Amino acid sequence: MPVAASAIYFLNLRGDVLINRLYRDDVGGNMVDAFRVHIMQTKELGTCPVRQIGGCSFFYMRISNVYIVIVVSSNANVACAFKFVVEAVTLFKSYFGGAFDEDAIRNNFVLIYELLDEIMDFGYPQNLSPEILKLYITQEGVRSPFSSKASDKPVPNATLQVTGAVGWRREGLVYKKNEVFLDIVESVNLLMSSKGSVLRCDVTGKILMKCFLSGMPDLKLGLNDKIGLEKESQLKSRPAKSGKTIELDDVTFHQCVNLTRFNSEKTVSFVPPDGEFELMKYRITEGVNLPFRVLPTIKELGRTRMEVNVKVKSVFGAKMFALGVVIKIPVPKQTAKTSFQVTSGRAKYSPSTDCLIWKIRKFPGQTEPTLSAEVELISTMTEKKSWTRPPIQMEFQVPMFTASGLRVRFLKVWEKSGYNTVEWVRYITKAGSYEIRC
Amino acid sequence: MTVGKDVSSLFTDVVNCMQTENLELKKLVYLYLINYAKSQPDLAILAVNTFVKDSQDPNPLIRALAVRTMGCIRVDKITEYLCDPLQRCLKDDDPYVRKTAAICVAKLYDINAELVEDRGFLDALKDLISDNNPMVVANAVAALAEIQENSSRPIFEITNHTLTKLLTALNECTEWGQVFILDALSKYKAADAREAENIVERVTPRLQHANCAVVLSAVKMILLQMELITSTDVVRNLCKKMAPPLVTLLSAEPEIQYVALRNINLIVQKRPTILAHEIKVFFCKYNDPIYVKMEKLEIMIKLASDRNIDQVLLEFKEYATEVDVDFVRKAVRAIGRCAIKLERAAERCISVLLELIKIKVNYVVQEAIIVIKDIFRRYPNTYESIIATLCESLDTLDEPEAKASMIWIIGEYAERIDNADELLESFLETFPEEPPQVQLQLLTATVKLFLKKPTEGPQQMIQVVLNNATVETDNPDLRDRAYIYWRLLSTDPEAAKDVVLAEKPVISDDSNQLDPSLLDELLANIATLSSVYHKPPDAFVTRVKTVQRTEEEDYPDGEGGNSESPAHVPGDAGASSNVPPSAVRPPAAAPAPVADLLDLMGMDGNNSAIVATDIPASPAGPPLPVLLAASAGQGLQISGQLIRRDGQIFYSMLFENSTQVPLDGFMIQFNKNSFGLTTGAPLQVPLLQPGTSASTLLPMVLSQNLSPGPPSTLLQIAVKNNQQPVWYFSDKIPLIVFFTEDGRMERSTFLETWKSLPDSNEISKDFPAVVLNSVETTLDRLATSNMFFIAKRKHSNQDVLYLSAKIPRGIPFLIELTTAVGTPGLKCAIKTPSPEMAPLFFEAVEGLFKS
């Protein structure tokens, strides 16, 4: 049964109900008390996001300082429920202007009631796309008193658009300058053993799009991925151009992309929503270019001293540089004193997280700065157990670099009026969970 | 929503705002109606007109809003009026209205299934499947699927024709619509392999969708159809296609990852090939939440093979040094399970375990010993060389399971361990204090030792043990086992040897393997709760709605009077605690003259049998309001109400046990309250077997222990039993139960008291909806509640009645009722020395006037 929820509650961290909505009659209004008593006030919190108490099941998620709890008593679709919560939060954020937390909820009660009424009916999720809802739920979220108020008249054919075949774009948009911005954002996930062998490595990328296009344009996107290129060369019956091709392990698309056509013709064609959205997500595990190599040596010299040497090597082009590089090197809890030497950036000891934090604001390619530190420990008698070393973690951003090597080959825009468009493409690679065991 | 305040008293005022032009305001009024219509069913009828009008509004948003809201108001009277607007809206020009109406049919079915069938809504709904708007189709499918689920008759059967139509609609639907359609279609059984292949071909593009629910529903559908497909190539190809989307689910939010992992666990059991090469993606990240880590570990064990075991073992070893104790234990156990599963890797697994034992972290050692015992069972006489290492950690064992495992190992290999008798002896000293698990193992191990080494030492030991395990124990299991050994040893030691030292069957790792038929059932439920719990839906979904509801509808007329009506409407069980009794009671169950609940419960002479507690049948009379719903009480449902009988206050309570275990040892306690109400005798509830109920009358007394602050009707109750945690819930104290039998006043006293009280003590309230049809019946009714008639006078066309009542501690209430017989509107003014009681008084008497 695709029912996703019988009731939805928004609780603050203390367990007070901020706002709630009952969609079905099969759960009592006081069920949230059971959640508070049996989950929130016990150690159970955070051990499992799906729990059964009595005849009801609870799914919960924490978003900033709010718990969103869904209660059902039937065999509901859990995947649907969680996805609904995620999408609803995105929707609220777009109405409130970015933030979703306890204050935002308190400031927007009426709006949230109205939205909750619209986005789910009898436990079945309805249209959650912010673009369309804003057509006829015209309340402004409370942001600043100076924000300009949109025109008050609801669009006359709003209902047709909600249910229309292109349920994510409204008609009659006009822009003076037709522009499309493409952001290719990749995050590299790495797990490397202390000996330097890669245990797991993958790239999850997404293509974010910002469209300012008039009318109902049809877009087609070409990437340098293997399947797409092969198909293309087949169609045009000429050999594929030489050059690097990328094998995508998996792709998922925004609902605007015609999946059937992708399946048969391997082309990404779509009518985009207006404004910003996430066009596609992909995953790559083969042939990943790691932007950084980390070579740690941590020696425990006796019971009270430790020597830490970490070398970080940037392996991208020399003309590029990484920004905001942070390397977190774990040290034992009983650390007393540290002293550092770094060839670049700054390092400090953070007692609250038990690690050395080494920050390099601008990190050029093909360089290898090092950190060497001496750590003095308090000798303790009780510490029988040897120190279990958490992995070294790294954060970074490398603009104009893709770990996968993915490139946008073309972006074609067709519209009846035949206007010209300007396309902008940016690439950036970030660290996902970049971990090196030591 | 109102910070816990009950704002139902504003009902009429809010309903007056309903006709506003402002859409936002209208929505809020509607929301109010959804929440409070149930507590004011009589007033809710006032809203009907506006609803019907709104459902014909030129603005489609308002039409849809009206129908949507009406469906959410579960009041019978409103439901009747819903039919016509719904019929219109199902054929509305605007798709937005149609899609809302489609869902509304499901709502109506939930309230009154018969009505839906009689009015032909089901056919109208089926017509919507052919609608040209995909969202209408999706909602109609969702509604039909739900109706089908709750009905025993075939209503929505997917034919070949609908299948094609729905598969086409799939392309144009919103993401949620795709989920509805895929879930409904997963019930379809393809005729042959060719059809199955066709369906799968249409569904596979959905695997690329960004919405995890769509992906999982598509996977479900494909897995089900794959059963029919015979071509191995096609199956292999499909498996290849399903792997990447499943892996991608693991980059979503952790909660979604958890749902995905639980489902992948099932998929891997059914078709291990799909993810055989993807084991690396299940390696745990340091920052994964614990629930994700645990599930990943489980899948890693399932995917471990001779090819990847080295890598997997390295990972497990890494996890075994992490911080979270539960996770570490599971990792150690995982190593053991791999050893049992993969014969060729067993040796490597054992060496990893030995390395871990050397770290000497207590819980790691204990867990390792537990799994090594299993490894010994699996590969007997192969790895005994490590026993010496194990024995070194003997002293650190403090958990029963680890201790028992170690003792088992010593007993099993007693002939190989030189000092086995010494080792066992060290345990024997504490025999009486050990937990049963360890005692049983000690007993068996000692017998084994004796049979293997029948020397003097073991002989003494066996006597001590047998003595301890028979004469000095209360544990029947232990005693029985000891007597069997004793008898065996004393009659025929050789036979004993054959029995005790017999060859054991080889074990395999079947922990967490599901039974194939259960697995198939769970796979048909992918993405739902059932697949997360790994339980079939009927194991945790208790309500079967329509069947029970029709049963109940059969009751009232057939039985007549206030006899057997099932205590609770199952669908309402959770919510009815805040519903006044009149809404729950089947209308025909209340004969006209005996009008209110109190009379039925308190004055009806036949009911004295209620006190007998061991009869599982539900008590006569209307159901008591539910205080603790079965859903909140883990299967225990408590209903109750305060009543007054023979000058004493009782708490009439009903306990229903729908758990799987008998419940006993019930106790009750009341929190301090404004009246000092507390128990006069202990609660007497007999042992409650599963599925039975017991009712009781608990005498109540008034103590001096009052809670401070303004008087409130709140009564907080705690009930506990021996099997469950303490349940807390609350009830309302109806002031009427305090009206004493000596409340009658002489006319003169009444007048004097009235005059002596200052005017500020006079409080009045209007009850605009109350109609008194006959003064006499009203007075009779009030008299049974100990409100006594004093005088009556006529004032123009209105009757003015004077009554008196008294509550304990001698507080009188002087009451003046003004009304015109037969027309709505009643004014009630009271004068009392404790004006703060007035709101409570009005609340209490309102019910009396109404009926």
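Predicted model: local features only at pLDDT ≥ 70, side-chain atom pairs only at ≥ 80, totals over all residues.
View 1. Asn77(A) lies in the loop that links β5 (66–72) to α2 (78–96) of chain A; helices (H or I, at least four residues) and strands (E, at least two) are DSSP runs, numbered from the N terminus.

**View 2. The hairpin of β18(A) and β19(A)****.** Strand β18 (residues 346–350) and strand β19 (residues 355–364) of chain A run antiparallel and are joined by five bridges, two strands being paired if DSSP finds at least two bridges between them. Arg346(A) has Lys359(A) of β19(A) opposite it. Four residues lie between the strands, and in this hairpin Asp354(A) takes a positive phi near 55°.

**View 3. An open sheet of four strands in chain A****.** The strands follow the order β14-β15-β20-β17, with antiparallel pairing. β14 (292–301) and β17 (335–342) of chain A stand at the edges with a single partner strand each, so one side of each is left without a neighbour in the sheet. Neighbouring strands of this sheet are turned by 15° against each other on average, direction ignored. Seven bridges pair β17(A) with strand β20 (residues 370–377) of chain A in the antiparallel sense, and Thr335(A) has Leu377(A) in β20(A) as its bridge partner.

**View 4. Packing of α11(B) against α13(B)****.** Helix α11 (residues 160–170) and helix α13 (residues 193–203) of chain B pack at an angle of about 20°, with their axes 10 Å apart; axes are lines fitted to C-alpha atoms, for helices over the stretch in contact, and angles run from 0 to 180 degrees between N-to-C directions. α11(B) and α13(B) are therefore roughly parallel to each other, a term for angles under 35 degrees. Residues of α11(B), among them Leu163(B) and Leu167(B), meet residues of α13(B) that include Ile199(B) and Val203(B), contact meaning heavy atoms within 4.5 Å.

**Conventions.** Residues are numbered from 1 along each chain as its sequence is written, and chains are lettered from A and ligands numbered from 1 in the order in which they are written. Local features need pLDDT of at least 70 and side-chain atom pairs count only at pLDDT 80 or more, whereas totals for chains, interfaces and linings use all residues, and side-chain values use heavy atoms, with hydrogens and water left out.

Notes: Parallel < 35°, antiparallel > 145°, perpendicular 65-115°, else oblique.
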